Amino acid sequence: LEKRSTTPHLADVHNRLAFRRLHEVLKQSPKPIAFVGAGISVDAGYPDWKTLLDRLHRSAFPDRGNGSDRADIARSIDGLWRAEVYRQTLGPSYQQVLMDIITARDLKRKSHGLAEQVASLGWAHYLTTNYETVLSDAVAHSRDGNKPGEVDAQKIGDMRRFLAEINRADTHVIYLHGRMTEPESIVLTEADYLRRYRGTQRAE
């Protein structure tokens, strides 16, 4: 039998050191703000970025006998461009198709475990590109049901009020790219990003 090394893997050592450093940072005042992406909701049954785009592709091009140009779209590493192609292809039905995909959770996967682990660390606030409420629910769970404040960062007035009180405000979850409860606010396509960020700069 091959003898396994008992020497810790270098990546594990780095991870432990990073986690130890994180705990030290979280003891500081004011506490840091967490930035959280789609991966935190996968355990709860929601699609990650790649899965969302693949499902949009199947909805936009249901004919499996499609040409190489459609296959090239699916293989593209430019996710924003892919999403824009699907939006244009689906036309008026795009928003409903998108919402059907986002809300179609895999009910076999209901764990909020990862989100709850992140929330338990006690960050000051949370910035998220997610559309659903997994993170807000996890923060509430870590606070004995006390729900965090929520801000849609696309609403400039609300965001300015939050920023003015950021070091004194109770814990908030900031939705950078919209929420499921407001489908028109969701940022996914190339045009959405241009509207969200270039448009915001002009508004400011």
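In what sense do strand S3 (residues 149-152) and S4 pair, and over how many bridges? They pair in the parallel sense, over four bridges.

## Basis

This is a predicted model, in which local features need pLDDT of at least 70 and side-chain atom pairs count only at pLDDT 80 or more, while totals for chains, interfaces and linings use all residues. Residues are numbered from 1 along each chain as its sequence is written, and side-chain values use heavy atoms, with hydrogens and water left out.

## Strand S4 and its partners

Helices (H or I, at least four residues) and strands (E, at least two) are DSSP runs numbered from the N terminus; two strands pair if DSSP finds at least two bridges between them. Glu 150 has Val 173 as its bridge partner in S4. From S3 the chain crosses through helix H8 (residues 156-164) to S4 in a right-handed β-α-β crossover (clockwise from the first strand over the helix to the second, with the strands pointing away from the viewer).

Strand S2 (residues 126-128) also runs parallel to S4, joined by three bridges; Thr 128 is partnered with Tyr 175.

In a regular strand, side chains alternate between the two faces of the sheet. In S4 (residues 172-175), His 172 and Ile 174 on one side and Val 173 and Tyr 175 on the other are all buried (under 20% relative accessible area, 1.4 Å probe, protein chains only).

## Aromatic contacts

The whole structure holds two aromatic pairs (Phe, Tyr or six-membered Trp ring centres within 6.5 Å). Phe 61 and Tyr 86 have ring centres 6.3 Å apart and planes at 75°, so this pair is edge-to-face (over 60 degrees; under 30 is stacked, the rest tilted). Phe 61 lies in the loop between helix H2 (49-60) and helix H3 (68-75), and Tyr 86, 25 residues apart from it, in helix H4 (residues 79-90). Both Phe 61 and Tyr 86 are buried.

Conventions
Buried means under 20% relative accessible area, exposed over 50%, partly exposed in between (1.4 Å probe, protein chains only).
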